Number of protein chains: 2
Amino acid sequence: MEDNDKGITAKKSEDISEWYVQAVLKSGMADYGPVQGTIVFMPYSYSIWEIVQEAFNRMIKGTGHSNAYFPMFIPENLLEKEAEHFEGFSPEVFWITKAGSRDLSERIAVRPTSETIIYYFMQKWVRSWKDLPLLLNQWCSVARAEIKATKPFLRTSEFLWQEGHTAHSTKEEAEKEASMILGFYKQIIEEYFAIPIIMGKKSESEKFAGAVYTYTLESMMPDGKAVQSGTSHYLGTNFSKPLGITFTDRDGNEKHIHTTSWGISTRLIGALIMEHGDDKGLVLPPRLAPIQVVIVPIYKAEEEMHKVLDFSNEVKSQLANAGIRVKLDDRDDRSPGYKFNDWELKGVPIRLEIGPRELQSKTLVISRRDTGKKSKAEYSSLTGTINDTLKLIQEGMFKSANERLKSMTFEVSSYDDFKRYIGKGFVKANWCGSESCEAKIKEDTTATNRAIPLDEHKKGKCVVCGKETDIIAYFAKSY
Amino acid sequence: MEDNDKGITAKKSEDISEWYVQAVLKSGMADYGPVQGTIVFMPYSYSIWEIVQEAFNRMIKGTGHSNAYFPMFIPENLLEKEAEHFEGFSPEVFWITKAGSRDLSERIAVRPTSETIIYYFMQKWVRSWKDLPLLLNQWCSVARAEIKATKPFLRTSEFLWQEGHTAHSTKEEAEKEASMILGFYKQIIEEYFAIPIIMGKKSESEKFAGAVYTYTLESMMPDGKAVQSGTSHYLGTNFSKPLGITFTDRDGNEKHIHTTSWGISTRLIGALIMEHGDDKGLVLPPRLAPIQVVIVPIYKAEEEMHKVLDFSNEVKSQLANAGIRVKLDDRDDRSPGYKFNDWELKGVPIRLEIGPRELQSKTLVISRRDTGKKSKAEYSSLTGTINDTLKLIQEGMFKSANERLKSMTFEVSSYDDFKRYIGKGFVKANWCGSESCEAKIKEDTTATNRAIPLDEHKKGKCVVCGKETDIIAYFAKSY
């Protein structure tokens, strides 16, 4: 890549859409695939996903879940069995009709999600209460034909996710599961991605096709649009009844299983970029940054070079041994200035410059990517100082994102105010609960009901129809 | 599952094909999918795959490789660009022709392998020697329509694998890469799977479509059939020339990149089952066993139960804290005898029985799954004894597999002997190097040339045509 292609030429505050695409492509996060709406997850974004996998695997394995891998091919007749669910996905399904030169006797869907195929197996595997609960998860890609407004990570025709699917003998246990996973997601999104979220249930018209109810985690981007960042569904017996999946309970009675499903996807990486980035590029929270500290050696003479590189390597080893993800940029064909820009573009949380002066004083300068602030650190206590700084950055990034979220949440009581603020962030308002009022909002503003917060009620009048209600909801335009 | 369905009813020595399928299904490794030739990788096999991923990731990341994820959708025109390669895969390609109700203007292939799509990106990403080497790997599933003789893990229409794809500025560097990976694979297969392998190059007619040469690792199953267990290809400029992928070298000249690709797949899990299993079920090598030690508590009276379970939990914690994968089977609705059979079926390397007697004596009995032998261990030094035993099992399993491999390798010098031994294992013979002699062997016996060992030569006469040669090759029937 030529040097003059390197930097982002759009301003985030002026043209966030153009800024976003440049940030994704120029930082080496993703590139466009040859089939419309597909992207490659380049090592720099994929290693973020690997960190997410490790963290989430720890949570779910610690609570008895196992990973598995189910076929990505679903025969058409199977997909059609659960009508409501199928209807929700059918416009987006990719259909295989040929294998080699053979015409297939039945069309095969590439999984848009795996409920159908997993229930096919649950039906075979579950006989008695002894087989329950079944706590399964898989990491895979899913395919949904997206033709309009595709955007790397945020909306693509193939993306990576995890999808959990569980079966339980009681409603209570299944509901507890859906709620526990919601808590895990909150932890992942807030503590790793440093993105504050609004949690709640989806309304009837916005919930997952086939769910009894859907928990959602919604984040707010700087441009005023919400991103659905994770969902956890209690499916009740909505799948097990039409599919006839039953078990013999301890009391000898035949009962339908209660199921859940839940997922987070690489869409979160899109939210991450949009949430924290600035005009110079990405700003990555330390817990997800593939490189947490970059060391840039600075020297002029050949003789200086060896000493500086030796010391840089010493610093690198010390940090690496303490489990810090550190990189020494020892490219000899790039200037320090070029390297500074490059690592700022890639959002590395901390930069250490090491030159003859640092070598002599054994005092290093820590530059923070998030605030741009510099501070000094003694070599003798470097690891501790770096770890403290990484922690401060992680917390600081969440704190400022949270302040932005608050400043972009508008509580309104009139439809005029609703329309004034919608598009600028979340609009929180009383809502009567009817689909017709949601439909009117969507028609007037293109905004949708993002979440009905849990356990939060306030008496008031529906912002659309004026009916008395104690339901509150968050509305926003969205990605 | 009913108890009488549990055990394997076929004998491995009598009907290995039926034995294999029962071992796979009854141990909970896999189950058949609704689309022909597809399987679900159930948690018990998937967790073996996770251990492989962790081990191999450590090797490749330690040598500068990164994981990424490339689109699974490849447009037809792209796939056709490299003719020889495409021809090799086209009979097996699954074609997508519709998205929702829309007909696609161009057919999309579901990746049978990713050379084509990855080279599409290499062409965009590689400009100068500074962009090289490019050392990429991905973990994903690939799809190849298999219609005949499908067998769980060994031959299916969708399977999991890793595929590495690297680009280099010189032939030497690329060849070194292909050879280094071959070494990693040998380590994985021998040290984790406890499967001894024959290494070598594939002949011209057996090599990967598009490769300059293919390194292969071949293992021998007890029924006399070989399994191709891993391949590493030096592709030279066979892809970069037709696709026009060049870079500017340090000397300012435009040159074609040299590439490699390499993969191991979940087929290895099939080899694992077939290699080590016995009439009771799986026998898993400790380094891959999802559960290395199972504790079966034994008690009669209620009062005994609590004491036995308390002590069992103590033992479990001690082993778990030492990093041993241990499970306490505390199901209260199953007899010890049922549990013994169950864990033998699943191939857990070590069983510990804990009853009132063990509680009192603080001496435990270690039962080995591989040999059936029992030995005593003091509670005070249990962790050390278990770790030593796991090591012994791992080594012992490799050793006996290696002895079997030797006893199933037949060095012959006449075509009569060749035909006598083929089908019973590897037949090692002089071969003139011609495709016509290979073709005759295939026609006469259905066996193929599995590998030409590296750096091994012996003067002699081609076993088919009698021509003088110093080439040696391993022939076998195969999965």
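Good morning. The structure is a predicted model, in which local features need pLDDT of at least 70 and side-chain atom pairs count only at pLDDT 80 or more, while totals for chains, interfaces and linings use all residues. Residues are numbered from 1 along each chain as its sequence is written, and chains are lettered from A and ligands numbered from 1 in the order in which they are written.

I begin with chain A. Its secondary structure comes to 14 helices and 24 strands; these are DSSP runs, helices being H or I with at least four residues and strands E with at least two, numbered from the N terminus. The radius of gyration of chain A, taken over C-alpha atoms, is 25 Å, close to the 23 Å that the globule rule gives for 479 residues, so chain A is as compact as a globular protein of that length. That rule is 2.2 Å times the number of residues to the power 0.38. Along its principal axes, the C-alpha trace of chain A spans about 80 × 55 × 50 Å. Buried residues make up 48% of the 479 residues in chain A, where buried requires 20 or more other C-beta atoms within 10 Å of the residue's own, with C-beta atoms placed from the backbone.

Next, a pair of helices. The axes of α2(A), residues 43–61, and α6(A), residues 171–192, come within 11 Å and cross at roughly 145°. Axes here are lines fitted to C-alpha atoms over the stretch in contact, and angles run from 0 to 180 degrees between N-to-C directions. Which residues of α2(A) meet α6(A)? They are Val52(A), Ala55(A), Phe56(A) and Met59(A), and they face Phe184(A), Ile188(A) and Tyr192(A); contact means C-beta atoms, placed from the backbone, within 7 Å. Nonpolar covers Ala, Val, Leu, Ile, Met, Phe, Trp, Tyr, Cys and Pro; charged covers Asp, Glu, Lys and Arg; the others, Gly among them, are polar.

I turn now to the interface. In chain B, 46 residues are in contact with 46 residues of chain A. The largest share of this side of chain B, six residues, comes from β5(B). By class, the side has 28 nonpolar, nine polar and nine charged residues. Five bridges join β5(A), residues 94–99, to β5(B), and the two strands run antiparallel; pairing requires at least two DSSP bridges. Ala99(A) stands opposite Phe94(B).

Finally, why is α5(B) described as largely enclosed by the rest of the structure? Eight of its 11 residues are buried, among them Glu115(B), Tyr119(B) and Met122(B). Thank you.

Key:
Contact = placed C-beta atoms within 7 Å. Buried ≥ 20, exposed ≤ 12 C-beta atoms within 10 Å, placed from the backbone.
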